[in-house]
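Student: I'd like to learn how to read strand pairing and helix packing from a model. Could you walk me through a case?

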Amino acid sequence: MTTSALFSQYLQPITAPQIANATVFSSKILSPLCNSMSTCSFDKPMEGNNKNDNKNNKKSTPRYPRKRSYGTSRKSVLKKTFNQEQVIFTAPISDDPVVAIIGGGMSGLICALNLEKRGVRSTVFDTGIHGLGGRMGTRIIDPQPLMFDHAAQFFTVTDPLFAELVNKWLDRGLAREWKGTVGNLERGQFFPFPSSPPRYIGTNGMRPLADSILSQTNMVNVVRPCWISKVEPYNGLWHLNENGKPCGKFDAIVIAHNGKCANRLLGTSGLPLIGRQMKRLELSSVWALLAAFEDPLPIPGNVEGAFVKKSDSVSWIANNTKKLLNSENGPHCWSIFSTASFGKRNKVPQENIPTATAEKVKASMLEGVETALGLTAGSLQKPFYTRVQLWGAALPTNTPGVPCIFDPQGRAGICGDWLMGSSLEAAALSGISLANHGTKGFYLALL
């Protein structure tokens with residue numbers, strides 16, 4: 001049984017042949033992501049790459065041009081995504097290309113690392129305030145300190161390419177096998193899983209694993225916190241900006257995140273083919289509650305992690321104190337995740353969670369823990385520290401089953417765990433695959 005790294009969801013194992021099975025667009029598109037195979041062709045010139053490309057095709061400009069409006073609703077972005085024209089770069093790629101990678105989670109960092117192995121420089125743009133890694137997040141609260149893995153809980157290994165990376169982590173002491181008891185928890189009864197396949201964790205949490213990837217690079221620049229708001233093709237390059245502030249010019253772009261922000265970027269980018277694939281993605285939201293207790297919770301056995309069954313509000317709980325510190329002493333730090341249905345009912349803008357919503361979510365999830373442990377109402381001890389976080393684009397409910405998507409005409413690609421499931425392994429394999437396909441596209445353009 002293979003379990004997910006990111007939000008503890010069951011997965012089908014990834015097989016090695018999938019790595020070579022990326023979706024690559026050409027002037028005729030055959031997309032395995034559609035419900036039925038569809039072929040798209042373009043018979044007219046698209047947006048050029050040279051300032052003189054459209055010299056003879058200029059249209060008169062109205063005296064009072066209509067202001068362009070870019071709505072932020074899913075419907076408006078979807079309409080713009082489908083109606084925009086495909087950009088086609090024809091100018092030669094630089095002898096020393098630079099790639100912009102938007103998203104500094106596992107897939108984006110691994111893509112950058114593998115581009116460097118092929119001699120390609122990159123800049124990673126990430127919104128993280130506390131650090132890189134995306135859902136490879138570890139929160140440390142001083143002065144105690146309290147430690148929580150607040151997204152990815154553990155990972156498994158089925159693919160040789162990912163095994164190479166994990167073996168390096170193991171050799172350096174950055175990761176170790178998690179031998180703690182994991183299973184299903186239902187109203188006070190615990191049902192343990194077998195120990196196979198092995199489960200792995202970051203020795204000091206998940207975030208140091210992300211930092212270790214970056215430490216292996218010399219040709220990767222990182223810009224954070226940075227929220228890229230627009231990507232625009234002009235004169236053979238991609239121009240990026242953050243709310244009107246220029247962030248550089250690049251030979252190619254990689255979208256290494258998903259959700260509404262990625263859809264907004266792609267909605268006006270000149271990449272309708274990639275945009276359509278992203279728009280087909282359906283995502284669920286998950287709340288994470290970090291809670292520290294003075295005394296141990298009355299959970300049966302030596303349990304360190306449990307999938308909660310028959311609960312409306314809670315899907316997973318894990319004891320970070322045992323898992324990360326191998327300690328029986330307090331304080332006892334627990335990561336608690338909601339169900340997808342609970343996340344949907346209580347979804348709010350994750351960048352600005354109302355206080356009333358945060359309190360409601362905390363109370364409901366603590367009640368869910370109480371029920372999962374088989375306790376009477378109101379008998380769960382009160383945590384002395386809590387924090388809630390909403391992962392608005394946590395888990396895909398549908399996946400295309402390809403490791404990456406690359407558009408050589410637009411010199412743009414997508415990578416991320418959601419393309420093959422929702423695990424750390426899926427994210428890594430996606431980044432590796434896009435680096436391979438992207439550099440092949442560069443070499444062909446240089447010939």
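Student: Which residue stands opposite Phe190 in S12?

Tutor: Keep in mind that this is a predicted model. The general idea for a strand is that side chains alternate between the two faces of the sheet. Here, Leu185 is the residue opposite Phe190 of S12. The pairing joins S11, residues 181–186, to S12, residues 189–192, in the antiparallel sense, over 4 bridges.

Student: And what happens between the strands of that hairpin, S11 and S12?

Tutor: There are 2 residues between the strands, and Arg187 takes a positive phi near 50 degrees.

Student: At what angle do H5 and H6 pack?

Tutor: The angle between H5 and H6 (residues 272–279) is about 155 degrees, and their axes lie 9 Å apart. Angles over 145 degrees count as roughly antiparallel, so H5 is roughly antiparallel to H6. The crossing of H5 past H6 is left-handed.

Student: Which residues make the contact?

Tutor: H5 contributes Ala262, Asn263 and Leu266, while H6 contributes Ile274, Gly275, Met278 and Lys279. Sorted by class, the contact of H5 with H6 has 4 nonpolar, 2 polar and 1 charged residues.

Key: Residues are numbered from 1 along each chain as its sequence is written. This is a predicted model: local features need pLDDT of at least 70, side-chain atom pairs count only at pLDDT 80 or more; totals for chains, interfaces and linings use all residues. Side-chain values use heavy atoms; hydrogens and water are left out. Two strands pair if DSSP finds at least two bridges between them. Axes are lines fitted to C-alpha atoms, for helices over the stretch in contact, and angles run from 0 to 180 degrees between N-to-C directions. Angles under 35 degrees count as roughly parallel, over 145 as roughly antiparallel, 65 to 115 as roughly perpendicular and the rest as oblique. A crossing is left-handed if the near helix is turned anticlockwise from the far one by less than a right angle, and right-handed if clockwise. Contact means heavy atoms within 4.5 Å. Ala, Val, Leu, Ile, Met, Phe, Trp, Tyr, Cys and Pro count as nonpolar, Asp, Glu, Lys and Arg as charged, and the others, Gly among them, as polar.
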